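Open the structure and keep the sequence beside it. This report walks through strands, charges and loops in turn.

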Amino acid sequence: MVFYFKARPEAGDYTIFMGLDKYENEELIKYGFPEDIWFHVDKMSSAHVYLRLHRGQTVDDIPEGVLEDCVQLVKANSIQGNKVNNIDVVYTPWHNLKKTASMDVGQVGFHNSKMVRTVKVEKRINDIVNRLNRTKVERNPDLKAEREAVNAAERAERKNQLREKKRHEEMEKLEKERQAELRSYKNLMVADKMTSNKDIASTNKTLQELEEDFM
């Protein structure tokens, strides 16, 4: 089971979610989206909370209010962290989560520690936690199927982009060939119409006679 929450509406349409237990966390780790940002209380047991960003956004684009919602939710879902003040919450993009065979269920590490950010949470703010809980929805999603659908859509988009790129390149090639033919044709026409001094002399006509020929 996965719990879904809606971030404060004035920040935009952002979904926050977390698994029921460590087994659900394992599935979320495995089938995350590129837009997902993972949150956890540092050095304490807590829920694995995720924020799904809009497509094309990065961790740098998280609105301040949405970030506050996420850290308050993860603090509230930490048995130890919920009881104490001035805790640290770490967050990082989903693709930076590292899972090895030797790790326990639900346990993760990081591929790059420099991509992990830390925010200090001074205390629990009940107004925020209560507002988030009022939006809470429980679902049993097929995380694998959702991820496969995203993969299929991304593959289709890449194919369309490649087709469009190839079509554009073919059009550019044809246009270059057309322009080259036009230049060649113009040069040919100019050469046909040109009369050199030698040609004039060979006709044994005077300049006045030649001018009369053109009249």
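What follows is a short tour of a predicted model.

Start with strand S1, residues 2-6. Four of its five residues are buried, so the strand is largely enclosed by the rest of the structure.

Which strands pair with S1? One is strand S2, residues 15-19. S1 and S2 run antiparallel and share five bridges.

Another is strand S9, residues 137-139. This pairing is antiparallel too, with three bridges. Here Phe 3 has Glu 138 of S9 as its bridge partner.

## Strand S3

Now move to strand S3, which covers residues 36-41. Is S3 enclosed or open? Six of its six residues are buried, so S3 is largely enclosed by the rest of the structure.

Its side chains point two ways. Asp 36, Trp 38 and His 40 point one way. Ile 37, Phe 39 and Val 41 point the other way. All of these residues are buried.

S3 pairs with strand S4, residues 49-52. The two run antiparallel, joined by four bridges. S3 also pairs with strand S5, residues 87-93. That pairing is antiparallel as well, over five bridges.

In S4, its bridge partner is Val 49. In S5, Phe 39 stands opposite Tyr 91.

Look next at the backbone angle phi in two loops. Lys 43 lies in the loop between S3 and S4. Its phi is positive, about 60 degrees, although Lys 43 is not a glycine. Lys 43 is exposed, with a relative accessible area of 76%.

Asn 86 lies in the loop between helix H2, residues 64-76, and S5. Asn 86 is not a glycine either, yet its phi is positive, about 55 degrees. Its relative accessibility is 48%, so Asn 86 counts as partly exposed. The cut-off for exposed is over 50%.

## Salt bridges

Side chains of opposite charge can pair when their charged atoms come close. How many salt bridges does a search of the whole structure find? The count is 11. Three of them are set out below.

| Salt bridge | N to O distance |
|---|---|
| Lys 43 and Asp 42 | 3.1 Å |
| Arg 167 and Glu 164 | 2.7 Å |
| Arg 178 and Glu 175 | 2.9 Å |

Then turn to helix H4, residues 143-193. What separates Arg 167 from Glu 164? They are three residues apart in H4, so about one helical turn lies between them. Arg 167 is partly exposed, at 44% relative accessibility. Glu 164 is partly exposed, at 43%.

Arg 178 and Glu 175 also lie in H4. They too are three residues apart, about one turn of the helix. Arg 178 is partly exposed, with a relative accessible area of 42%. For Glu 175, the value is 35%, again partly exposed.

Some salt bridges share partners. Such bridges join Arg 8, Glu 68, Asp 69 and Arg 131 into one network.

## Charged patches

Which residues form the positive surface patch? They are Arg 155, Arg 158, Lys 159 and Arg 163. Find Arg 158 in helix H4. Arg 158 is partly exposed, with a relative accessible area of 45%.

A negative surface patch is made of Glu 169, Glu 170, Glu 172, Glu 177 and Glu 181. Glu 181 sits in H4. Its relative accessible area is 57%, so Glu 181 counts as exposed.

## Looking back

Go back over the model once more with these points in hand. S1 and S3 are each largely enclosed by the rest of the structure. Lys 43, in contrast, is exposed in its loop. H4 holds Arg 158, Glu 181 and the pair Arg 178 and Glu 175.

Methods: Residues are numbered from 1 along each chain as its sequence is written. This is a predicted model: local features need pLDDT of at least 70, side-chain atom pairs count only at pLDDT 80 or more; totals for chains, interfaces and linings use all residues. Side-chain values use heavy atoms; hydrogens and water are left out. Buried means under 20% relative accessible area, exposed over 50%, partly exposed in between (1.4 Å probe, protein chains only). Two strands pair if DSSP finds at least two bridges between them. A salt bridge is a side-chain nitrogen of Lys or Arg within 4 Å of a carboxyl oxygen of Asp or Glu. Patches are made of residues with over 30% relative accessible area and no salt bridge: like charges are joined within 9 Å, nonpolar side chains (Val, Leu, Ile, Met, Phe, Trp, Tyr) within 5 Å. Accessible areas come from the Shrake-Rupley method with a 1.4 Å probe; for residues, only the protein chains shown count as cover. Lys and Arg count as positive and Asp and Glu as negative; His and the chain ends are not counted. The place of a charge is taken as NZ of Lys, CZ of Arg, CG of Asp or CD of Glu.
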